[in-house]
Amino acid sequence: MQRGNTNFYQVLCLDPVENVGLDDIKKAYRSLVLRYHPDVCPASSKDESTKRFLELQMAYETLSDPISRKQYDYELGLVGAKNYFMEDRISKFPRDVWEKQLDGLKKRSHARMQRRQNMYR
């Protein structure tokens, strides 16, 4: 099942404008799954409830994962492109910072190994 034009917030009966947390998503998912699970629905509506159940699963999988949710919110237009990409960029160290840290670790490790070798001589 693909995302398509389905709004996962609407599938879970949530308002995306409000600050919806993981607990809200879990609570909505659990209550709706109990109602639409194919094993508990009448035989006459089994096809419809199976479809709804699969939508609920897809919505929960997407919205409960922070990375997937962030991308989904961006696709819906809930997060501006500038904020979406800048937030990712800020959270990552620049390459030169990593290289300096790695170089410092190598130097300390080399010095420690030299001290150990000198102790056993």
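A residue is called buried here when its relative accessible area is under 20%, exposed when the figure is over 50%, and partly exposed in between, using a 1.4 Å probe and protein chains only.

The model is a predicted one, so local features need pLDDT of at least 70 and side-chain atom pairs count only at pLDDT 80 or more, while totals for chains, interfaces and linings use all residues. Residues are numbered from 1 along each chain as its sequence is written, and side-chain values use heavy atoms, with hydrogens and water left out.

Start with the overall layout. The chain has six helices and zero strands, where helices (H or I, at least four residues) and strands (E, at least two) are DSSP runs numbered from the N terminus. Of its 121 residues, 21% count as buried.

Tyr-9 and Leu-56 are 47 residues apart in sequence, yet their C-alpha atoms are 9.9 Å apart in space. Ser-49, in helix α3 (residues 46–64), is buried too, at 4%. The side chain of Ser-49 reaches the backbone oxygen of Lys-46 at 3.1 Å.

Next come the salt bridges (a side-chain nitrogen of Lys or Arg within 4 Å of a carboxyl oxygen of Asp or Glu). The structure holds two of them. One joins Arg-69 and Asp-73, at 3.9 Å from N to O. Both partners lie in helix α4 (residues 66–76), four residues apart, or about one turn of the helix. Arg-69 counts as buried at 17%, and Asp-73 counts as buried at 12%. Asp-103 and Lys-107 form a salt bridge as well, with their closest N and O atoms 3.4 Å apart. Here the two residues lie in helix α6, again four residues apart. Asp-103 is partly exposed, at 37%.

That leaves the charged patches, made of residues with over 30% relative accessible area and no salt bridge, like charges being joined within 9 Å and nonpolar side chains (Val, Leu, Ile, Met, Phe, Trp, Tyr) within 5 Å. A negative patch on the surface gathers Asp-15, Glu-18, Asp-23 and Asp-24. Glu-18 is found in the loop between α1 (8–11) and α2 (22–36) and is exposed at 52%. A positive patch on the surface brings together Arg-108, Arg-112, Arg-115 and Arg-116. Arg-116 belongs to helix α6 (residues 95–119) and is partly exposed, at 48%.

Definitions and conventions:
Areas by Shrake-Rupley, 256 points an atom, 1.4 Å probe, with all protein chains shown as cover. Lys, Arg positive; Asp, Glu negative; His and termini not counted. Charge placed at Lys NZ, Arg CZ, Asp CG, Glu CD. Polar contact = N/O pair within 3.5 Å; in protein donor to acceptor, adjacent residues only side chain to side chain.
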